[in-house]
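Please open the model in your viewer and keep the sequence panel beside it. The stops below say what to select next and what is to be found there.

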Amino acid sequence: MEQPLLSAEKRESESSYDHAGRAASVIPPASIAGSVVSVDEIRSVAASSDIYPPSLHAPLLSSPQPHYPSEQVLGYPQDAYYGHFRENAINGQRQVLDEVEIRELLLDHVGHRCCWGSRPARSWTIHAVEDCNVYVGTLETFAEDRETITEKEPYLGGDVDGKDKGPELGLWELDLRSEFPPIFIPEKESRIVIPHSEAIEKCSGCRGRGNIVCLTCNADQEPGFFNANRMFQCSTCNGRGLLAHMDGSDTICKNCTGKGMIPCATCGSQGLIQCETCQGGGSLLTRKVAVVRWTTLQARKVSATTGAASVPDEVFHRAKGVQLCNTQAHQCTPAYFADSYFLNKFSSEVIAERAQVSPTARVICERHTISVVPVTRVTMTHRRSSFSFYIIGTAREVYLKDSYPSRFCWGLCPCLEWLKL
């Protein structure tokens with residue numbers, strides 16, 4: 001029998017959620033399993049909110065799916081006090097595996113390893129099959145960070161969008177609705193020129209002259225001074241102007257045309273070269289650019305039994321599970337399960353590990369999910385030898401790291417590393 005995730009009294013008291021800067025009473029709480037604050041709700045409430053400037057009231061495109069697809073069911077506890085309810089709920093979601101299915105899954109896994117033998121998977125005795133489900137909690141914080149940088153380029157004439165065209169907008173006054181990404185996108189960066197922030201300034205490299213002293217022929221001069229028409233000895237004829245030949249004859253050096261001296265190869269002995277910073281114009285066009293970054297920060301936590309403690313947490317985060325809770329708000333608070341102290345405590349622990357946001361950033365939205373990943377630990381024995389492996393998630397993926405007995409390359413074969421197995 002399905003049980004409500006929230007009691008009626010709690011659902012009324014859960015109106016403290018603040019969804020995207022709106023009053024909590026506008027939308028019912030999002031702690032019910034499977035309920036998600038819609039994009040339209042966030043947009044409509046944000047449009048009337050004074051917490052964020054209008055620039056943040058961009059159209060929130062549809063949120064991408066969580067990192068692993070999950071089935072949506074009501075929550076169930078995992079503690080002894082609610083054991084009768086836990087047993088009834090899990091029976092509906094338990095992955096029931098018989099011996100044939102277990103061997104087929106292991107044989108398929110072993111078949112992708114060229115140096116693993118299939119005999120243990122085929123003939124060893126299945127000694128124990130243990131359920132050790134794992135709870136996975138995540139808190140995703142979608143934040144927007146803005147900073148201002150100054151860009152400069154040579155000014156070669158043309159219109160300038162300066163303060164005479166209108167007031168310069170503040171960093172958080174910029175309307176970025178056309179740039180706003182789907183919420184909970186991993187990362188996106190945009191650069192926007194701040195309107196009316198352009199100005200013309202003297203080039204600091206050449207002090208507005210457009211030219212700088214040639215360092216090849218005037219390296220010994222004081223800053224701002226130079227000598228023109230400096231000549232250098234021809235390296236081809238060593239300053240003779242003539243080239244000697246084996247028969248004793250001389251010919252005029254073509255490199256210096258017989259003069260023995262050549263001009264500076266960098267500036268032609270003018271003493272000055274064009275300033276590369278301003279391209280000879282003497283002026284620079286400066287503008288302020290807003291660098292906007294949208295980032296999804298994650299806090300993740302796994303609650304595993306001792307039977308699944310040897311499996312890395314990342315395996316459970318990638319696995320497909322059954323979603324028990326999915327809440328979305330401006331700032332999520334712990335979910336409430338009317339029948340499970342364990343899940344309430346686990347949700348609080350996930351929220352407590354909220355990722356730190358930069359002081360210059362603003363939180364747009366958060367999403368809190370709790371899922372249960374079905375995990376079956378199988379132990380196989382043969383005489384005095386044994387090994388264990390795990391069947392994880394609703395997709396029934398096998399995790400077996402180093403304990404498989406029939407391996408012929410001692411773990412050194414790199415032939416299938418590209419498969420990321």
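**Cysteines**

Begin by selecting cysteine 132, which counts as buried because its relative accessibility is 2%; buried here stands for under 20% relative accessible area, exposed for over 50%, and partly exposed for what falls in between, with a 1.4 Å probe and protein chains only. The model is a predicted one, in which local features need pLDDT of at least 70 and side-chain atom pairs count only at pLDDT 80 or more, while totals for chains, interfaces and linings use all residues. Residues are numbered from 1 along each chain as its sequence is written, and side-chain values use heavy atoms, with hydrogens and water left out.

The structure holds 0 disulfides, a disulfide being a pair of cysteine sulfur atoms within 2.5 Å.

**The whole chain**

Zoom out and colour by secondary structure: the protein chain has 7 helices and 17 strands, taken as DSSP runs (H or I of at least four residues for helices, E of at least two for strands) and numbered from the N terminus. Of its 421 residues, 40% are buried. Among contacts (heavy atoms within 4.5 Å) with a separation of 6 or more, 77% are between residues 24 or more positions apart.

**Nonpolar cores**

Now select Tyr135, Leu139, Leu324, Phe337, Leu343 and Ile370, which touch the most other members of the largest nonpolar core, a set of 16 residues. Strand E3 (134-154), strand E13 (322-329), helix H7 (341-352) and strand E14 (361-373) are the elements that give two or more residues to this core. Such a core is a set of buried Ala, Val, Leu, Ile, Met, Phe, Trp, Tyr and Cys residues joined through side-chain atoms within 4.5 Å. Another core, of 15 residues, lies apart from it and includes Leu97, Ile102, Met380 and Val398.

**Strand E16 and its partners**

Select residues 385-392, which make up strand E16: 6 of these 8 residues are buried, so the strand is largely enclosed by the rest of the structure. On one side of the sequence, strand E15 (residues 375-382) pairs with E16 in the antiparallel sense over 8 bridges, where pairing requires that DSSP find at least two bridges between the strands. Within this pairing, threonine 379 stands opposite serine 388, and in the hairpin, with 2 residues between the strands, arginine 383 takes a positive phi near 60°.

Continue to strand E17 (residues 397-399), which runs antiparallel to E16 and is joined to it by 3 bridges. Here isoleucine 391 stands opposite valine 398, while glycine 393 takes a positive phi near 80° in a hairpin that has 4 residues between the strands.

**Aromatic rings**

Finally, display the aromatic side chains, among which 7 pairs are counted; rings of Phe, Tyr and Trp (its six-membered ring) pair if their centres lie within 6.5 Å, with planes under 30 degrees apart called stacked, over 60 edge-to-face and the rest tilted. Phenylalanine 142 and phenylalanine 184 form a tilted pair, because their ring centres are 6.1 Å apart and their planes stand at 55°. Phenylalanine 142 lies in strand E3 and phenylalanine 184 in the loop between E3 and strand E4 (187-193), so the pair ties together parts that are 42 residues apart in sequence. Phenylalanine 142 is buried at 0% relative accessibility, and phenylalanine 184 is buried with a relative accessible area of 5%.
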